[in-house]
Amino acid sequence: MIINWTATYKAYPVNKEMIWLNNCGTTPAGKHIVKALSRFMEGYAQKGVLTEIAVYPEVQNNIKKILGNLLNCSPDELSLIHNTAEGMNFISHGLNLSIEDEVILLENEYPSNVYPWRHLEKKGVKLIITPMESSPEAFLKALERLITKKTRVVSLSAVHWCTGMPLPLNQVGKICIENGIDFVVDGAQGVGMQPIDTKKDNISYMAFSAWKWLLGPLGMGIFFVAKEKLSKLKPVFIGTDSVVRADEYLPYKSELKPSADRFAFSTANFNDWVYLEAALKFLHDIGFFAVRERIFELSALLSKGLTKIGFNVFSDKFPDYQTGIVVCEKPGVNPNVIMTHLKENKIVAAERLGRVRFSPHVYNSPEQIDEVVRVLEQI
């Protein structure tokens, strides 16, 4: 199938204003999303919750079906929540960990996968930090050295948010299952950009935000609980939507839903669901494989251009692993100078660990990438 990337570019009004290359941070809305939300709000204004424009269970099922196919999991293993940190708190508070148990976390990890685990230290659980390293192979060796008989959890990002390096989830998953360890993944930087297979990667639990590679709304996330792990994770909060026959308010019930939906304990922001459904349908219609290939193509083009004008590109340290996050630096140039220059030229990027981070998406164009290189060549 030939994809009309020009139409994809035109679907995002932000391209008329600036070059948005911080898609692993947040993403702007496309015209299809504005249309979907406008139609829903018109229907809601006329009929309230009785509108047929977007129906609660249908939208929920559509979202979970698309994501289930993407991640090779059952829709029943997914729950619609608010953000990654919420999901990580469900996990860290829900697991039965004891004194001297060990949890392995990643060096310079995003705070959403660090702060939720810290309360365990008061119980005597040890938080061990594994080095981020500069290649997946080096990372894996460093991690293996830290595994002990006391290791109960390994919790990692799918992709390091500061370097763009994809972590070897499949190999880590094998190590975890061989040692009886729960494998927890922060999928925020990976889902939609990297191929993630919950079954092949032996992922026990995963949480991720919707507003990065999935092009969804701020303030919405997804929580994955492997079916065989559901009974092991005690819900932190219980609400109306946690129990079976949730629409029957009385009599009260004690039986929890037999799915990950027990963690979506109360009324959701349905506007966000409508937003995410439109975003996922947009990506699904393109095809997630084609989406990844386009992201990798634009990232490779940017990396090549940056190298040509004297920048050091971090992904050169792991050339055998594709990534949509391009992290770079120019020797002798303060990153703040680069960031200021980009802002003056209406180019949106981010600064992480003293380097500049770019992350293109399918609605960006090769011409925009060329323009970024041209602008940076002036420094």
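**Entry 1**

I began with a sheet of four strands, which is open, has the order 9-10-13-12 and pairs in the antiparallel sense. Strand 9 (312-313) and strand 12 (350-352) are the edge strands; each has a single partner strand, so one side of each is left without a neighbour in the sheet. I keep in mind that this is a predicted model.

Next I checked how strand 9 is held. Two bridges pair strand 9 with strand 10 (residues 326-329), in the antiparallel sense. In this pairing I found Val313 opposite Cys328 of strand 10. Helix 10 (residues 335-344) packs on the sheet, where it touches strand 12 and strand 13 (355-358). The direction of helix 10 makes about 35 degrees with that of strand 13.

**Entry 1: strand 5 and its partners**

I moved on to strand 5 (residues 151-157), where six of the seven residues are buried. Strand 3 runs parallel to strand 5, and three bridges join them. Here Ile104 stands opposite Val154 of strand 5. Strand 6 is also joined to strand 5 in parallel, through five bridges. I noted Leu156 opposite Val185 of strand 6. Between strand 5 and strand 6 the chain passes through helix 7 (residues 169-178), and this β-α-β crossover is right-handed.

**Entry 2: Asp182**

Is Asp182 buried or exposed? I found a relative accessible area of 3% for Asp182; the cut-off for buried is under 20%, so Asp182 counts as buried. Asp182 sits in strand 6 (residues 182-186).

What does the side chain of Asp182 meet there? I found a polar contact of 2.8 Å between the side chains of Asp182 and Lys229. Leaving aside residues up to four places away in sequence, Asp182 touches several others, including Arg152, Val154, Tyr205 and Lys232.

Nonpolar side chains tend to be buried together in soluble globular proteins.

I took a closer look at Phe183. Not counting residues up to four places away in sequence, its contacts include Val154, Leu156, Leu169, Val172, Cys176 and Ile203. Among the contacts of Phe183 are also Asp201, Asn202 and Ser204.

I finished with the backbone angles. Which peptide bond is cis? The bond that joins Leu250 and Pro251 is, with omega about -5 degrees. Pro251 lies in the loop between strand 8 (221-225) and helix 8.

For Glu100, phi is near 75 degrees. Glu100 is in the loop between helix 4 (84-94) and strand 3 (102-106), and its relative accessibility of 40% makes Glu100 partly exposed. For Leu353, phi is about 50 degrees. Leu353 belongs to the loop between strand 12 and strand 13, and with a relative accessible area of 46% Leu353 is partly exposed.

Note on methods:
Residues numbered from 1 in each chain as written. Predicted model: local features only at pLDDT ≥ 70, side-chain atom pairs only at ≥ 80, totals over all residues. Heavy atoms only, no water. Pairing = 2+ DSSP bridges. Contact = heavy atoms within 4.5 Å. Axes fitted to C-alpha atoms, helices over the stretch in contact; angles between N-to-C directions. Buried < 20%, exposed > 50% of the residue type's maximum accessible area, 1.4 Å probe, protein only. Polar contact = N/O pair within 3.5 Å; in protein donor to acceptor, adjacent residues only side chain to side chain. Right-handed = clockwise from strand over helix to strand, strands pointing away.
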